Amino acid sequence: MKKIAFCLSLILTAFANNAFANNAFADESPINKSLAKMGIKAENITPSQISGVSAILTDHGIIYMSNDGKYLLQGPLYEMSGKIPKNVSNQVLVKKLEALKNQMIIYKAPKEKHVVTVFTDITCGYCRKLHESMQEYNDLGITVRYLAFPRHGLQHESAKEMQSIWCSATPNKSLNAVFKGDKVSPIKECKTDIAKQYQLGLQFGVQGTPAIILEDGSVIGGYLSPKDLLAMLDQRGE
């Protein structure tokens with residue numbers, strides 16, 4: 001009897017989730033009607049951690065809207081049950097971040113304790129400063145994964161150079177060289193498209209570099225020294 005009840009529960013849950021998804025994405029749903037009024041296109045609509053409120057992924061990040069379409073909230077959503085407030089807004093973006101793992105330029109710590117992803121720009125002074133301290137980050141157990149975020153836009157010359165770095169047969173060596181002031185050979189095309197990385201940065205709300213993305217999707221804007229970053233990560237338990 002318990003097995004039958006459990007199976008029935010799974011079926012009802014799946015049906016409810018499917019019904020929600022179909023309703024949320026329907027053109028005539030209250031949420032989509034309200035979004036259409038504002039000219040906002042939703043990439044994804046899912047239930048949020050707050051009852052009666054949906055999380056909406058747009059080109060420029062996460063927003064929240066009541067399921068009746070009457071109220072819109074913008075800004076991070078924090079879970080307060082832990083020792084410190086935890087930003088849960090970007091959890092859906094973490095999945096997109098991990099989907100780009102094969103495009104990341106990774107500097108792995110031999111004894112890894114923490115993993116951070118950094119949106120970087122080769123014209124950024126503090127990005128260069130962060131990179132110059134890479135050995136210390138790694139020695140402290142912090143793995144650094146890079147994604148490209150050409151802050152001057154995708155049409156800027158620096159974006160073309162970053163595309164060449166990410167397309168290089170040895171991207172780590174190429175990035176090391178560029179941060180030291182050297183040039184890399186132009187590579188026009190490859191499987192890696194930094195435009196996707198740049199767009200994801202915009203969805204995370206990145207406005208400048210370096211931007212450090214923690215494992216829970218929280219964004220730390222700006223440079224942190226290796227010791228300061230380690231202290232923060234240890235405190236957060238990440």
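**Entry 1: the end of α8**

Helices here are DSSP runs of H or I with at least four residues, and they are numbered from the N terminus. I am working with a predicted model. With that in mind, I went to helix α8, which covers residues 194-203. Just after α8, I found G205 with a positive phi of about 85°.

**Entry 2: the start of α8**

Next I looked at the other end of the helix. Which residue's side-chain oxygen reaches towards the backbone nitrogen of A195? I found that D193 does this at the start of α8, coming to within 3.0 Å of that nitrogen.

**Entry 3: the buried side of α8**

I then asked which residues of helix α8 are buried. My list reads I194, Q197, Y198, L200, G201 and Q203. I also checked what covers these buried residues, and I noted strands and helices among the covering parts: β2 (53-58), β3 (61-66), α3, β8, β9 and α6.

**Entry 4: salt bridges**

How many salt bridges does a search of the whole structure find? I wrote down seven. I picked a few to look at one by one.

My next pick was D121 with R151, where the closest N and O atoms are 3.6 Å apart. I traced D121 to the loop between β8 (114-120) and α4 (125-132), and R151 to the loop between β9 (142-148) and α6 (157-167), so the bridge ties together parts 30 residues apart in sequence. Is D121 buried or exposed? Its relative accessibility is 0%, so I marked D121 as buried. R151 went down as partly exposed, with a relative accessible area of 38%.

**Entry 5: a bridge inside one helix**

I finished with K160 and E157, whose side chains form a salt bridge at 3.9 Å from N to O. Where are these two residues? I found them in helix α6, three residues apart, which means that about one helical turn separates them. K160 counts as partly exposed at 47% relative accessibility, whereas E157, at 56%, counts as exposed. The cut-off I used for exposed is over 50% relative accessible area.

Definitions and conventions. Residues numbered from 1 in each chain as written. Predicted model: local features only at pLDDT ≥ 70, side-chain atom pairs only at ≥ 80, totals over all residues. Heavy atoms only, no water. Salt bridge = Lys/Arg side-chain N within 4 Å of Asp/Glu carboxyl O. Buried < 20%, exposed > 50% of the residue type's maximum accessible area, 1.4 Å probe, protein only. Contact = heavy atoms within 4.5 Å. Polar contact = N/O pair within 3.5 Å; in protein donor to acceptor, adjacent residues only side chain to side chain.
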